[in-house]
Amino acid sequence: MDKLIIFDTTLRDGEQVPGCQLNTVEKIEIAKALESLGVDIIEAGFPVSSPGDFNSVVEISKAVTWPVICALTRAVEHDIDVAAEALKYAKRGRIHTGIGTSEYHIRHKFNSNQEEILQRAVAAVKHAKKYVEDVEFYCEDAGRTENEYLVRMVEAVIKAGATTVNIPDTTGYCLPDEYGEKIRFLKEHVANVEHAILSTHCHNDLGMATANTVQGVLNGARQVEVTINGIGERAGNTALEEIAMIFRSHREKNISTNINTTKIYGISRMVSALMNMPVQPNKAIVGRNAFAHSSGIHQDGILKNRESYEIIDPREIGIDDNAIVLTARSGRAALKHRLSVLGIQADQEKLDKVYAQFLKLADSKKNISDDDILMLVGKDRTETHCIKLDYLQVVSGFGVQPVASICLNLSGVKRYETAAGNGPVDAAIKAVKKAISNSDMTIQEFLIQAINKGSDDTGKVHIQVEYQGNIFYGFSANTDIVAAATEAFIDAINKFIC
Ligand code: KIV
Ligand code: ZN
């Protein structure tokens, strides 16, 4: 079997989703879970972009042992110097530098020409080589770069010392045969191609990210750049779990990875919970419905022989039907065990905090699922809030006008308000606006999603609020969906009012 290198960029390209930024502690938690999943390389950040990113690369380098830690740069000396500094604790560090190679980038972004860009690329690789042996070069917008120029670029950066060359379809434009052909063309025409590994990096704007990545691999790429749940800017990146399961299911392709697939489900839920990004129910491999057979014919077939309708045994990705469901009577040890199955190592302080929240939730909900637990582990977003919800009561029903009464704590000062609305959520939001004496914001998107099923389930609310031309994101989860909606709204307004 040929080894396929898994390069995870959840913490860099994935984390660029607006409103889903993680703090360093959360990034370390995900990095450790990626390590136990078996990824080969973790792209930990873009150090020159912010002190937070710099710090995350430093801390992840200290926290993780086996995977190579990678830091992104532009083809700029200062970026590379800063990346090298951030990588100083990495047991094995990689600098990922690069520049736009398509005419769109060369002419419009850099106001330059092909020769000058080639020289800048070579200079960047040579500069990075002064710090690390392991240098990856990306040809940004390679998907729309003419193949002949790409050959010259790839050859030049390999000659300068690049050990991996990344061929990103930055805009998600390519079709699978076109992208596969591009990789094949490079394999056949770059004179020194055997001195480097070619990498795929596909975006999903046309829904082709996974198909393009597979074609890239079948045509000779031996590294794939992927994210958990396929998260990423716009339509996202190629999903790690899809690539891992495609090559596991199609053994005839002779491609193997180091991924311990039984960890896939846990890390998928962890990333979703920490980033507050719901996984769409029909998402391949990790969606809630990925293994739910509802038609009678399918159910009958599955009962007779699972393989008649299922190509993957859910246990292969870590879905355990016999998983213990926690209840109000479960102790700290059971919770700690469940957290560790989900890839979360909780110290005593964290365990106590999550356990207190767990007991509160178990009061209003009989069975606590993995998704509930991961939701509890998510950030305590109210800690830094200057506007907090102290109290909410809503009267609503059939034939009555919904009315909400609230008490907000505004930096220590209590404000009571009442408002009527066309529904309980509308009434509560209007009461919040009255209490803060500001009604200039509008809700642009409002998504309520149940975590599992049942009328006692926890509802997750994602909200987008527009204020003075900018969008702010809010999230909350509660068994009372009106309370969850109000808390999510307050979470968003704290981002521009405080
Ligand atoms: O999509 C892209 O081109 C990238 C590069 C910076 C690697 O993310
Ligand atoms: Zn990208």
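1. The side chains of S476 and E487 are joined by a polar contact of 2.6 Å, where a polar contact is a pair of N or O atoms within 3.5 Å, one of which, within protein, must be able to donate a hydrogen and the other to accept it, with residues adjacent in sequence counting only if both atoms are side-chain atoms. S476 is found in strand β16, and with a relative accessibility of 8% S476 counts as buried (buried means under 20% relative accessible area, exposed over 50%, and partly exposed in between, with a 1.4 Å probe and protein chains only). Helices (H or I, at least four residues) and strands (E, at least two) are DSSP runs, numbered from the N terminus.

2. On the basis of the model: this is a predicted model, in which local features need pLDDT of at least 70 and side-chain atom pairs count only at pLDDT 80 or more, while totals for chains, interfaces and linings use all residues. Residues are numbered from 1 along each chain as its sequence is written, chains are lettered from A and ligands numbered from 1 in the order in which they are written, and side-chain values use heavy atoms, with hydrogens and water left out.

3. The zinc ion (ligand 2) is coordinated by D13 through OD and by H201 and H203 through NE2, at 2.0 to 2.2 Å; donors are N, O and S atoms within 2.8 Å of the metal (3.2 Å for Na, K and Ca), and because water is not among the atoms, sites may look incomplete. Along the chain these donors follow the spacing D-x187-H-x1-H. H201 counts as buried at 5% relative accessibility, and H203 counts as buried at 5% relative accessibility.

4. Which residues surround ligand 1? They are R12, D13, H96, Y138, E140, N166, P168, T170, H201 and H203, where a residue is near a molecule if one of its heavy atoms lies within 4 Å of it. This shell divides into 2 nonpolar, 5 polar and 3 charged residues (Ala, Val, Leu, Ile, Met, Phe, Trp, Tyr, Cys and Pro count as nonpolar, Asp, Glu, Lys and Arg as charged, and the others, Gly among them, as polar).

5. Oxygen atoms of ligand 1 lie 3.0 Å from an N or O atom in the side chain of R12, 3.1 Å from a polar side-chain atom of H201 and 3.0 Å from an N or O atom in the side chain of H203. Taken alone, ligand 1 exposes 260 Å², of which the protein buries 92%, the areas coming from the Shrake-Rupley method with a 1.4 Å probe, and for residues only the protein chains shown count as cover.

6. The structure holds 3 aromatic pairs, rings of Phe, Tyr and Trp (its six-membered ring) being paired if their centres lie within 6.5 Å, with planes under 30 degrees apart counted as stacked, over 60 as edge-to-face and the rest as tilted. Y355 and F358 form a stacked pair, 5.7 Å centre to centre with 25 degrees between the planes; both lie in helix α13 (residues 348-364), 3 residues apart, and both are buried.

7. The ring centres of F472 and F496 are 4.7 Å apart and their planes are at 45 degrees, so this pair is tilted. The pair links distant parts of the chain, with F472 in strand β16 (residues 470-478) and F496 in helix α16 (residues 481-497), and Y467, F472 and F496 form one aromatic cluster.
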